[in-house]
Amino acid sequence: MPLHPTVLWAQRKDCIYLTVQLIDITKPEINVKPESFHFKGKGEKEQNEYEADLEFYGPVDVPKSKQHLTPRNLTMIIYKKEEGFWPRLQKDKKKPNFLKVDFARWKDEDDEEEEGPEDPMGAMDFSSLMQQAGSNLSMNDMVRSPTSVRTLELTFACQ
């Protein structure tokens, strides 16, 4: 019997954010339908099988939706067919124990009115991040020793 990964969710008036918190996902099966979301895959150090099914409160626009798979998680941006805040993510009032609120992305209806339009990927510009990291390093810095490389990684992570 598969385990359930932790699934975080947040919403805006036009979209739903879903994050499947599972490290080292392999063989992912991701299926978004107008009324539901299905995830199945192996993950974590032991490569156990995980599965999650959600039936949405309202219909979603499948072709417009996006996904981003990283070594740490699966992030989905699922656009609603009709704008508006849902009272809950699922049609069923009973919340599954693996579903949690993503407070880092959560905004109430009145919060959204105060701010302008938002970038759904959180304004992450990976190319400028990599350029910024690369501009401070020279080949001599990277060839010195394993200790130097670890120090550089720690410096990068702290910036």
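The legends below describe an overview and several close-up views of a predicted model.

Numbering starts at 1 in each chain and follows the sequence as written. In this predicted model, local features need pLDDT of at least 70 and side-chain atom pairs count only at pLDDT 80 or more, while totals for chains, interfaces and linings use all residues; side-chain values use heavy atoms, with hydrogens and water left out.

**Figure 1. Overview of the protein, with four helices and eight strands.**
The order of elements from the N terminus is β-β-β-β-β-β-β-β-α-α-α-α. Helices (H or I, at least four residues) and strands (E, at least two) are DSSP runs, numbered from the N terminus. Of the 159 residues, 31% count as buried. Buried means under 20% relative accessible area, exposed means over 50%, and partly exposed lies in between (1.4 Å probe, protein chains only). The accessible surface is about 10,700 Å², and carbon and sulfur atoms hold 52% of this area. Accessible areas come from the Shrake-Rupley method with a 1.4 Å probe; for residues, only the protein chains shown count as cover. Among contacts with a separation of 6 or more, 57% are between residues 24 or more positions apart. Contact means heavy atoms within 4.5 Å.

**Figure 2. The salt bridge between K40 and E49.**
The structure holds two salt bridges, and K40 with E49 is one of them. A salt bridge is a side-chain nitrogen of Lys or Arg within 4 Å of a carboxyl oxygen of Asp or Glu. In this pair the closest N and O atoms are 3.6 Å apart. K40 is partly exposed at 26% relative accessibility, and E49 is partly exposed at 31%.

**Figure 3. The salt bridge between E55 and K91.**
Here the closest N and O atoms are 3.9 Å apart. E55 lies in strand β5 (residues 48-55) and K91 in the loop between β7 and β8, so the pair ties together parts that are 36 residues apart in sequence. E55 has a relative accessible area of 40% and is partly exposed. K91, at 48% relative accessibility, also counts as partly exposed.

K33 is partly exposed, at 40% relative accessibility.

**Figure 4. Positive phi at D24 and K27.**
Most residues other than glycine have a negative phi. D24, which is not a glycine, has a positive phi of about 55 degrees. This residue sits in the loop between β2 (15-21) and β3 (26-33) and is partly exposed, with a relative accessible area of 40%. K27, also a residue other than glycine, has a positive phi near 50 degrees. K27 belongs to strand β3 and counts as exposed at 63% relative accessibility.

**Figure 5. P96 in the loop between β7 (73-80) and β8.**
P96 is buried, with a relative accessible area of 17%. Its contacts are L54 and Q90, not counting residues up to four places away in sequence. P96 and H4 are 92 residues apart along the chain, and their C-alpha atoms are separated by 9.8 Å.

**Figure 6. D102, a buried residue with no salt bridge.**
D102 is placed in the loop between β8 (99-101) and α1. R105, the nearest side chain of opposite charge, is 4.1 Å away. Lys and Arg count as positive and Asp and Glu as negative; His and the chain ends are not counted. D102 touches L8, W9, A10 and T19, with residues up to four places away in sequence not counted.

**Figure 7. A negative surface patch of D108, E109, D110 and D111.**
Patches are made of residues with over 30% relative accessible area and no salt bridge, with like charges joined within 9 Å and nonpolar side chains (Val, Leu, Ile, Met, Phe, Trp, Tyr) within 5 Å. The place of a charge is taken as NZ of Lys, CZ of Arg, CG of Asp or CD of Glu. D110 is partly exposed, with a relative accessible area of 45%.
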